[in-house]
Amino acid sequence: MGKLIVRRLLLTIPLLFVVSLIVFGLAKLVPGDPAVTIAGENATIERIEQIRERLGENDPAIVQYGRLIKGVFTGDLGTSLYSEQKVTDAITTALPVTLSLAGLALLFVVLFGVSFGLLAGSRPGSLADRILTVLAALGVAAPGYWVGIILIIVFGLNLGWFPTGLYVKITEDPLNWLYHLVLPAFALSLAGIVEVTRQLRGSLRDTMQQDYVRTARAKGLSGRLVILKHALKNAAIPVVTVIGLQVNALLGGAIALELVFGFSGVGALAIRAVVNRDLPIIQGIVLMSVFVVTISNLLVDLAYGWLNPKVRAQ
Amino acid sequence: MRRSLVALVGASLVVAACGDDSKSSEQTTATTKVAQEVTTLASTTTVAGSTAAPSTTAAAKPIDTSATLRFSYQVGPTSWDPAKMSSSFDTPTAFFAYDRLVHLNPGADPIPGIAEKWEFSPDGKSLTFTLRKGVKFHDGTALDAEAVKANLLRNAAGASKGELAPIDTIDTPDPLTVKLNLKAPGGSLPGVLTDRPGVLASPKSFADEAATKALDLMPVGAGMYKVTEFVKDQKIVLERFADYWDKTAQGAAKVEILILTDNNARANALKSGQLDIANIEASQIDEFKKISGIKVTEGLSLSLMHVQLNRSKPFLDKKEVRQAMNMAVDRAALVKLANYGYGAPNNQYFPKGYFGYNEAISIDQYKYEPAKAKEMLKAAGVPDNWELDTVVPNLTYYLTLAQAVKDQMAAAGINLKLRPVDPVQTAPIFYVQSSGDLLISVFGGRADPAQLLNSLFTKGPIQNPGGHTTPKIVELVAKANEPGDQKARAAAVQAASKEITDEAMNVVLLHSSASFAATEKLAGFTAWLNGKPEFRGVGLTK
């Protein structure tokens, strides 16, 4: 197990390298000149040139890339082109917002997804199964940001049950933190819930037809015990894969919902950085995302091992 | 690894897809910098000269001086370091914490601020400010002549280089007197110093490199409120500054500013009672007017939309061609179509009610007469179906406006080839590279009208690509830059403005409206002609 973890972590190094090269290349290919923005509204050509020189924009691309990579290895991702704000500070301020949102959404995905999946999959063809199948079709068709807007209109503005957005820090007021997260997290989780429900329903239905399940039933075990103790563990493997992919999807989807709900998370930071061509910030966010995705994939692989001893043996 | 890459590509696609949203909030940035109903203006300009700013017509109920005012704006300051502030959208948030020598009144005329008075020498070669006694920065440092000198010299070497160019040296004969020695006519300076270039920070806050770096993220000003918490691009929390020189300006005990780039997020937060005031889009005005418990403040601003010409390009150097282009647009229709009827059609660079506005320029000077325009173009030798490379910032509002202009001009045989560009690329493409024949975009107001005339119509500033001008305009703009009393300066600015409209230098389309929505508890807030929300004397009733 230890070997697996170390090997997977070591694999991220070349990945980070390739990704940083792609990001740098894209940022340089896309036209844009931070110097003109920094110089302000009544700038002169000379001042723009001065700023370009100060930012090192006139150096050869390879030199600029080298500077960036050197920073990564020394643990210093640099500062924003536009302010004295450190990239690490910018990300650590924004990350809790996005992690709160994605984390709660993931909880919803697992909680509702598994519950609905069990409900539908344990009795295929039942009324509950049919209702859930129809709802799932609707849920998969509705984009998260649209659902977010509808939730704001219905539960935020018309009924007044929930705030329409604005993030509250967990350290300031944990209950209020949760209260402000419910709507966006639900909107964000919807697609994931549907995905997990459908996966679990399908795989549970297949598992329930296996011989060992029939044997368990024949032994006189209760239906609940058969499903939870015997069938679910086997049916869970594809679901774990889906949940792992959902982590990445939730982080991506959080970007749109942060905008809709006025949260200042990583998504909002990324959009600002892209619009302003703030390369150090973009680079920092991408490296962080790669790291998070790698970790979540690693956790998924570890979960496979737990669920399936055959994988562990390899 | 493949999974990670797929996720990454997915994430970047989402970023790309959301790009539009964030850009439309930039459009907010560009279009909502606005304010002032002409009728409000008429009543509020009477406070001109008074140092305690806006009139408090709404303050029938007493103001709750222990209240927290919650305000949301679409952008925070680019920097808290005055020498690095580079956007005109910095000031609505920055002026809570920073003070200036000169303030504006609601009609955008300069009035005393930290300086009690100012005077030009008879030859116009120097400008002397007399400061208020006993003014302090938030760190306790005295705001005296030396502090002002250090700040202005520093700002002049930084982001305000262009605006403060007339300043040569600064003398400080005594702690309350600051004498600016000028190397060029400085008539615009009092106006300029009401804005970013005049922002004053404690000299201790830029005494060494470490302090200067800290100043970028935390202001040390002398404003009405002192910042207690700042999270960049998210939140600014301020408390009343106990030693502020003008207690009437401080309506609230605490101020919370939330930076929300998305128009709808801002509107929703206001509707659900999480904010007291926020700026809104022209498209949202009618909706907010219908909501009980919310009042809308709306009015004309100095910000305008125009078709800017690179007059060094073929045919565009001909006056009659430019006049024909001015006759090929229906301005009133554009206001209805792109601005939901808010704002005002115009063919001069200053809005009605402003001291630069020239009554003598008729809006009918260039009536919409596409057939006549077509004839004039033909007479000038312009080929039929004349193609013009037209740069447009790639944002919904500008594209809508540009498409409407394109349709109107087509009737006069002018074929605009619209080239949508990334908004941050507009200046590099049209100004720096001098690429494109026309630019359809916003021009934000300037603190002094002479600044606008200077940057758009004289040779040198990057905002006049191609550098075309006429000797008469150069002469009139120079006169507008001369010091003088407000009346004399108004006459000079208006004369230059008239010549610019007569010469049809560009095609001015309309002046935008600035609009704000607030709870009914908000008192003392009026629309100002500079288009920016002003919070001197603003508070919440009990």
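Of the 314 residues of chain A, 44% count as buried, a residue being buried if 20 or more other C-beta atoms, placed from the backbone, lie within 10 Å of its own, exposed if 12 or fewer do, and partly exposed in between. This is a predicted model, in which local features need pLDDT of at least 70 and side-chain atom pairs count only at pLDDT 80 or more, while totals for chains, interfaces and linings use all residues. Residues are numbered from 1 along each chain as its sequence is written, and chains are lettered from A and ligands numbered from 1 in the order in which they are written.

Chain A has 13 helices and zero strands, where helices (H or I, at least four residues) and strands (E, at least two) are DSSP runs numbered from the N terminus. Its C-alpha atoms fill a box of roughly 85 × 55 × 35 Å along the principal axes. The pLDDT, the predictor's confidence in each residue from 0 to 100, averages 82 over chain A, with 96% of the residues scoring at least 70; within chain A the confidence is highest in helix α5 (residues 87–122), at a mean of 89, and lowest in helix α13 (residues 309–313), at 62.

Chain B, in turn, has 16 helices and 19 strands, and buried residues make up 56% of its 542 residues. One of its helices, α11 (residues 370–379), has Ala373(B), Met376(B) and Leu377(B) as its buried residues. Seen down the axis of α11(B), these fall within an arc of 100°, so they line one face of the helix, the arc being that of the directions from the helix axis to the C-beta atoms. On the other side of α11(B), Ala371(B) and Ala379(B) are exposed. The buried residues of α11(B) pack against α9 (319–326) and β14 (386–393) of chain B, and just after the helix Gly381(B) takes a positive phi of about 90°.

A nonpolar core is a set of buried Ala, Val, Leu, Ile, Met, Phe, Trp, Tyr and Cys residues joined through C-beta atoms within 7 Å. The largest one holds 151 residues, and those touching the most other members include Leu101(A), Leu257(A) and Leu200(B); its largest share, 21 residues, comes from helix α10 (residues 223–261) of chain A. Apart from this core lies another, of 78 residues, among them Ile48(A), Leu104(B), Phe443(B) and Trp528(B). Leaving aside neighbours within four places in sequence, Leu101(A) is in contact (C-beta atoms, placed from the backbone, within 7 Å) with residues including Leu181(A), Leu188(A), Ala254(A), Leu257(A) and Phe263(A).

Note on methods
Contact = placed C-beta atoms within 7 Å.
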